[in-house]
Amino acid sequence: MSEALVAGPSGTAPAVALAGSPWALARRRLVRNRIAMAMLGVFLLIVVACLAAPLYANYVADTDPFRSNLDGTTIVDGKEVPIMQSETEGLGLGVTPIGPTWDPQHYFLGADNQGRDVAARLLYGGRNSLIIGAAAALLTCIIATLIGLAAGFFGGGIDGVLSRALDIVWAFPVYLLAISLSTVLLTSGISLGPISIEAGSLWLPIAIIGGVYVPYIARPIRGEVLTLRNREFIEAAVGLGASTWRILWSDVLPNILTTVIVCFPIVMAIAMLTEAALSFLSIGVQPPDASWGTIILDGQGLLYTRPAVAIAPGIAIALTVLSLNVLGDGIRDALDPRAKIKRHRVG
Amino acid sequence: MLFYLARKVISTVFVLFSISVLVFLIFFATPGVDPAARIAGRNADQETLKQVRKDFGLDRPMPVQYAVMMKKLFITRDLTSFVNRGAKVIPQVLEAAPVTLSLVFGAAVIWVVVSIAMGLVAAMFRGSPLDAGLMILGLIGISMPVFWLGEVVNLLSQSRLHDTFLFSWVPPLGYTPFTESPVGWFKSLLLPWLTLSVLYIGIYARVLRSSLVEAQEEDYVRTARGKGISEQRVWIRHTLRTSMIVFVSLFGLDFGALVGGAALLTEVVFGLQGVGKLTYDALQNLDLPVIMATVMYAAFFVVLANAIVDLLYVSLDPRVRRA
């Protein structure tokens, strides 16, 4: 008997060794996912580089990326050359900004049509793109959680109104909704009760992008809360006399948190793409501020002569969004072990 | 079935009405600036503002303003732009619609065919490097901004590689009507089609793969195999068919949104004068009546596409009729 008992645990020893909180388990699974970890590295690298934008602009490139510099000069191969060069190809009309010098101290990626350092603008623009993406995703997740909790838990009239509202926004093409809101608010800003956002503020794209994606998260959360509400442990909590707030806070919320966490990186990826599109349409981040979208717009006119201006921010967006997507997949696999088990069984 | 249809029609009408109210509220009732000033465009004079107020009934109660707007859009169809003085908006939208339809239709054919192939192959070779490779490829497609991809395509096909055999056939940017020259139409749209479809190929291949994988675990698939049905038949008749349910419902939403103007970034980059480009041009000088009309037109297309998809759904999955 006792031998059997001793032998039993030895067979399950790995499981005992792995035990810990579900979060610790998930973290361990995520860390073992090499592709996800590599992409996390890429993402962090981009974030750090963008945070260091002022350092690069002030100490390395020694340039002000927000002031036009049409008469300035820079140094290439030890020689002083003008930033805006007279056209030598084609019809010989007009001036072309200097192309990439691949020298981090002097216009690494060349200049845009106002003679500003594209590399420095790329880093500053990345800050705005990342801030807008992260803040919008956070906003989406918070609002969606609140709506999903209220609609799913209270049901009845509250659910009816909220679900209808979500349906209508859902039926509206996201881009067009974002475009309409941006156009209307672009010049005037908005003041809704205590919240007031000035025109040209970064909060405007954050609020708009954060708002339009709410239904995509709120609907699945509502569904989950609906099924949770009928589970025994909720009933037990009700039977014990727990208040509604207590049940929502300590019984329901922890159970939907995984969904929210899985959604966050993916919403951030989508938000960054949306920001880029709005800025490219000139209704997102407003000049003189930059974002990766506005730099692509700046580069559009120079596409055939100085393609680096438009191509560099696009690569930056694609890399960031890709790393967020891969990370999102990794987090989903780590938090939802059933998906993993399923995969092991057959493949 | 009849009951189901009737319910569907009622809910479609309800959603259409709600969306029109939402669009109206966004443009006329957002707190901030006087809607007359918005409609009149930048730096409008007092005379124009007065004209706008009278035209749109802005001094009257909200429901009346809404009715006036709807009448202008759908009954008299004489909504006029104040930025482009006197230009009628609705004919512009109708004129642009064939361009958008051509663009979206071609792209849809490409993305449906390619993504089904990709999803099937990835699911069949699950766990292999081929599966991983295809899915990463799809993820890269999802991660690129479409307007940027379009610019890179332009850079290569119009400038850098234009003189090579690869892209020497590419016409200058712009649209050639099908009625004018079918070949020219095809040439002018092939690259825009491919560019637009990249994103959707990525999304659909991934969605299809995961629902195929899920369906393969179902008992009825095991039963089908047990009966000795050929592997090909199992995949096509049993697995793919059920997996297409998700695919079709997604397709309806996306196709509707694209026809409605969500393809505007592709249209802008490739210089195609479609509904999206119309919206874009209106954005450049904040021409609100045009934006309002295109947004409304778009929303209607999405809702209609959804209604059609719901009907398709019923034929794919009869259970829905009872739900």
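User: Which residues does Val267(A) touch, not counting residues up to four places away in sequence?

Analyst: Bear in mind that this is a predicted model, where local features need pLDDT of at least 70, side-chain atom pairs count only at pLDDT 80 or more, and totals for chains, interfaces and linings use all residues. Residues are numbered from 1 along each chain as its sequence is written, while chains are lettered from A and ligands numbered from 1 in the order in which they are written. A contact here puts two C-beta atoms, placed from the backbone, within 7 Å. On that basis Val267(A) touches Ala137(A), Thr140(A), Cys141(A), Tyr213(A) and Ile217(A).

User: Which residues have the most contacts inside the largest nonpolar core?

Analyst: A nonpolar core is a set of buried Ala, Val, Leu, Ile, Met, Phe, Trp, Tyr and Cys residues joined through C-beta atoms within 7 Å. Buried means 20 or more other C-beta atoms within 10 Å of a residue's own, exposed means 12 or fewer, and partly exposed is in between. The largest such core has 174 residues, and the ones with the most contacts inside it are Val267(A) and Ala271(A).

User: Which helix gives the largest share of this core?

Analyst: Helices are DSSP runs of H or I with at least four residues, strands are E runs of at least two, and both are numbered from the N terminus. Chain A has 15 helices and six strands. The largest share of the core is 16 residues, and they come from α6(A).

User: Why do the buried residues of α10(A) line one face of the helix?

Analyst: Those buried residues are Val214(A), Pro215(A), Ile217(A), Ala218(A), Ile221(A), Arg222(A) and Val225(A). Take the directions from the helix axis to the C-beta atoms. Seen down the axis, the buried residues of α10(A) line one face because they fall within an arc of 155 degrees.

User: Which element gives the largest share of the side of chain A that touches chain B?

Analyst: The contact takes 41 residues from chain A and 43 residues from chain B. On the chain A side, elements giving two or more residues include α12 (244-280), α13 (292-300) and α14 (308-335). The largest share, nine residues, comes from α14(A).

User: Is Pro177(B) buried or partly exposed?

Analyst: Pro177(B) sits in the loop between α7 (146-160) and α8 (182-216) of chain B. Its C-alpha atom is separated by 22 Å from that of Val153(B), 24 residues apart along the chain. With 13 other C-beta atoms within 10 Å, Pro177(B) is partly exposed.
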